[in-house]
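Please look over the model below before reading my notes.

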Amino acid sequence: MVLNWIWIGLLAVAFLMAVARSIFQGDLSIWSEIINSSFSQAAFAFEISLGLTGVLTLWLGIMKIGEKGGVIDFFARLINPFFSRLFPGIPKGHPAMGAIFMNISANMLGLDNAATPMGLRAMQEMQTLNNEKERATDAMIMFLVLNSSGLCLIPISVMMYRAQGGAANPTDVFLPILIATAIATLAGLIALCLKQRIRMDGVIWSWLGGIALIVAAVVWFFSQLPADKVELYSTFAANLILFSIIIAFLAAGVRRRINVYDAFIEGAKEGFKTAVTIIPYLVAILVAIGMFRASGALDAFTAWVESGLLFMGIDADWVGALPTMLMKPLSGSGSCALMLDVMKANGADAFVSRVAAAVRGSTDTTFYILAVYFGSVGVYKTRYAAGYAIFADVVGAVAAVVVSYFFFH
């Protein structure tokens, strides 16, 4: 229901903004810009789905090998003490647990292309336990919010964009992003535990403490490296782990004497079907976002916030990153474009450019995740998923700004 009203709201605001610009500014071309944006965004949604087809085909094929080789069951048993508390509606040893673990692990390593197929597999497994197929379960919502908060130990893409933008030290946002995304994940997790009345016992706190230690260890390790080595080592570690997972899945399949190739083809076919299923959901959300942005509503809100802060005597050096902040939950490519635009206009090493990069990496793309994951299993009653995901987004964005002031201002 929340997603329904957000979608309507984006289109309604775009329309009202276009009316206002036509009446008060005489800008009649705005209507063409908005409609052209709707066409281009619809085409872009199809391109995304087409691009996902190959990735989904590959990784759902690999996941099928892991499933038949017993690897997914192994991971399910490994994390069962923790996940059985966060996802009480999923039975012990269910394949969904292993798929959830693999998805979250891939997200933590910044491996988006691997994380999405694993996440879709987790949703499909959880849907088998859903008695109301069109309505999101508590477990699905917990999974979606954890994805949206986007705990990422290695923000490879942001560092790469900063390098391309000519930053003197592209990795200087590494620690601010890590701190902000950890805060966002913790806030989203605790808020949902309260909402779903999940008891925060010793097991949950010990696992959270372990994750905090891992984050601290990563912070310490990369803080000891020379600046020019951070991106090299982080990229190497992520890709090494990813390739090792593939080899481990193959080895497990051989050990169990399954036909590894046939298992891959079986899973790959599922990937193709899933990619086709999500097209309508992507078109719906991306067209609304494109029309909202083309109307000028995003730029108008940013200008209004900056004026308000200056009037109250509050520092507004970060406001140039606000469009990136607002676009991040709506569109990954859109927020990336806005971040690059800030870097181009102010220089990659300007304070506002660093804030934009930290915000870009602090959380994941909420509405893309909601559209793709819920759309893949035909769930349209998302309940409170969007609200809590946006809460995590806000916390992550605020944390990114505050931490950026601490590191760079």
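1. Ground rules. This is a predicted model, in which local features need pLDDT of at least 70 and side-chain atom pairs count only at pLDDT 80 or more, while totals for chains, interfaces and linings use all residues. Residues are numbered from 1 along each chain as its sequence is written, and side-chain values use heavy atoms, without hydrogens and water.

2. Aromatic pairs. A pair of aromatic rings is described by the distance of the centres and the angle of the planes. Rings of Phe, Tyr and Trp (its six-membered ring) pair if their centres lie within 6.5 Å; planes under 30 degrees apart are stacked, over 60 edge-to-face, and the rest tilted. The count by this rule is ten aromatic pairs. Take Phe351 and Tyr405: their ring centres are 4.8 Å apart and their planes stand at 70°, so this pair is edge-to-face.

3. What that pair joins. Phe351 belongs to helix H17 (residues 351–362) and Tyr405 to helix H19 (residues 385–408), so the pair ties together parts 54 residues apart in sequence. Helices here are DSSP runs (H or I, at least four residues), numbered from the N terminus. Phe351 is buried, at 14% relative accessible area. Tyr405 is partly exposed, at 22%. The cut-offs are under 20% for buried and over 50% for exposed, with partly exposed in between (1.4 Å probe, protein chains only).

4. Tyr384 is buried at 15%, and Tyr388 is partly exposed at 23%. Lys195 lies over the face of Tyr384, 4.9 Å from the ring centre. For this, NZ of Lys or CZ of Arg must be within 6 Å of the ring centre and within 35 degrees of the ring normal.

5. Helix H17. This helix has twelve residues. Its first and last C-alpha atoms are 16 Å apart, close to the 16 Å expected at 1.5 Å a residue. The expected span is 1.5 Å times one less than the number of residues. Twelve of the twelve residues are buried, so H17 is largely enclosed by the rest of the structure. Among them are Arg354 and Arg360.

6. The cavity. A cavity is a set of points on a 1 Å grid, over the protein atoms alone, where a 1.4 Å probe fits but cannot get out; lining residues have an atom within 4 Å of a point. Points are joined across faces, edges and corners, and a volume is the space filled by probe spheres set on them. There is one cavity of 30 Å³ or more. The largest cavity has a volume of about 40 Å³. Met63, Glu67, Ile72, Pro95, Arg121 and Glu125 line it. The lining has three nonpolar, no polar and three charged residues. Nonpolar means Ala, Val, Leu, Ile, Met, Phe, Trp, Tyr, Cys and Pro; charged means Asp, Glu, Lys and Arg; the others, Gly among them, are polar.

7. Two separations. Met118 lies in helix H6 and is buried at 2%. Its C-alpha is 28 Å from that of Thr171, 53 residues apart along the chain. Ala167 sits in the loop between helix H8 (156–164) and helix H9 (174–195). Ala167 is buried at 11%. The C-alpha atoms of Ala167 and Ala184 are separated by 26 Å, at 17 residues apart along the chain.

Methods
Helices (H or I, at least four residues) and strands (E, at least two) are DSSP runs, numbered from the N terminus. On a 1 Å grid over the protein atoms alone, a cavity is a set of points where a 1.4 Å probe fits but cannot get out, and a pocket is an open set with protein on both sides within 12 Å along at least five of seven lines; lining residues have an atom within 4 Å of a point.
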